[in-house]
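Dear colleague,

Please find below the structure that I am handing over to you, together with its sequence.

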Amino acid sequence: MKNCPPSQLVADHLEDLILSGQLLPRERLGETDMADRFSVKRHVIRDAFKVLESKGLIETKRYKGARVVSLSMKEISDVFDIRINLERFAYSLALNNMREEDFSELEAIAAKFLDSVDTANVEELSRLNTEFHNIIYKRADNAALVEIINDLHVKLYITRYAAWDKREYILQSGEEHLEFIEAMRKKDVDVLNDLSRRHIYNSKTAYEKRISKITPLALCEKEVGLK
């Protein structure tokens, strides 16, 4: 991080605030206000905004400035529905291509995920979750399909923290990983289809609950304190 540019530091910090719900959908991000709060020049904020916009976390409009992206619950629901069907397809393609070493890797990751429930942060758990599913996607042997699924993951990036903001949600996700492994071993398509729906809709439900309760939190002044 020593050589990390100030704009990236600011972008990383704002990203954390967006994904943790401390900056809400549709909340405006003024250049001058952000520059003052983070003790940086406005060009640093503009560069940070470009990073966040490339990740789909904020949108900028001429004469209106930047604001946190807003997906309506209908839009989020639509994307989740598409993702469920695409992931079901990916799992069906992977079923006959799975190797014993794949199952060994899945079991190791699933165990590490469950062991980390009380100690790891959301970033680490998310990384383990991604590693787990990527092993299965790889065996689907369809690069175009996996690319679309990953694009949808990015679009729903903002729901990630809400999905795992309670221990019970994290534990449930970890236990579902074990169910995935068993279903893949048995090549049980019906169970996989049900698991795909549950695994993904749990995130949607958690996000809906989070948004219904959340209230805006002000940024702490001088949070980054860059000179």
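**Packing of α5 and α9**

Helix α5 (residues 100–115) packs against helix α9 (residues 167–186) at an angle of about 165°, and their axes are 9 Å apart. That angle makes α5 roughly antiparallel to α9, and the crossing of the two helices is left-handed. Please note that this is a predicted model.

On the α5 side, the residues that meet α9 are E100, F103, L106, E107, A110, F113 and L114. Their counterparts in α9 are I170, L171, S173, G174, E175, H177, L178, I181, M184 and R185. By class, the contact of α5 with α9 comprises 10 nonpolar, three polar and four charged residues.

L114 belongs to helix α5 and is partly exposed, with a relative accessible area of 25%. Setting aside residues up to four places away in sequence, L114 touches L171, G174, E175 and L178. For one of these pairs, L114 and E175, the separation is 61 residues in sequence and 7.7 Å in space, C-alpha to C-alpha.

Which residues of helix α2 (residues 31–38) are buried? They are M34, A35, R37 and F38. Viewed down the axis of α2, these buried residues fall within an arc of 165°, so they line one face of the helix. Just after α2, S39 adopts a positive phi of about 55°.

The axis of α2 comes within 9 Å of that of helix α3 (residues 42–54), and the two cross at roughly 110°. The two helices are therefore roughly perpendicular. In this contact, E31, T32, M34, A35 and F38 of α2 meet R42, I45, R46 and F49 of α3. The residues involved divide into five nonpolar, one polar and three charged.

S7 lies in helix α1 (residues 6–19). With a relative accessibility of 15%, S7 counts as buried, because the cut-off for that class is under 20%. Apart from residues up to four places away in sequence, S7 touches V44, D47 and A48.

R139 is located in helix α6 (residues 122–140). R139 is likewise buried, at a relative accessible area of 14%. When neighbours within four places in sequence are left aside, the contacts of R139 are L93, A94, N97, M98, R99 and D102.

**The chain as a whole**

The chain contains 10 helices and three strands. Starting at the N terminus, the order of the elements is α-β-α-α-β-β-α-α-α-α-α-α-α. Of the 227 residues in the chain, 42% are buried. Among contacts in the chain with a separation of 6 or more, 76% are accounted for by residues 24 or more positions apart.

With kind regards

Note on methods
Residues are numbered from 1 along each chain as its sequence is written. This is a predicted model: local features need pLDDT of at least 70, side-chain atom pairs count only at pLDDT 80 or more; totals for chains, interfaces and linings use all residues. Side-chain values use heavy atoms; hydrogens and water are left out. Axes are lines fitted to C-alpha atoms, for helices over the stretch in contact, and angles run from 0 to 180 degrees between N-to-C directions. Helices (H or I, at least four residues) and strands (E, at least two) are DSSP runs, numbered from the N terminus. Angles under 35 degrees count as roughly parallel, over 145 as roughly antiparallel, 65 to 115 as roughly perpendicular and the rest as oblique. A crossing is left-handed if the near helix is turned anticlockwise from the far one by less than a right angle, and right-handed if clockwise. Contact means heavy atoms within 4.5 Å. Ala, Val, Leu, Ile, Met, Phe, Trp, Tyr, Cys and Pro count as nonpolar, Asp, Glu, Lys and Arg as charged, and the others, Gly among them, as polar. Buried means under 20% relative accessible area, exposed over 50%, partly exposed in between (1.4 Å probe, protein chains only). The arc is that of the directions from the helix axis to the C-beta atoms.
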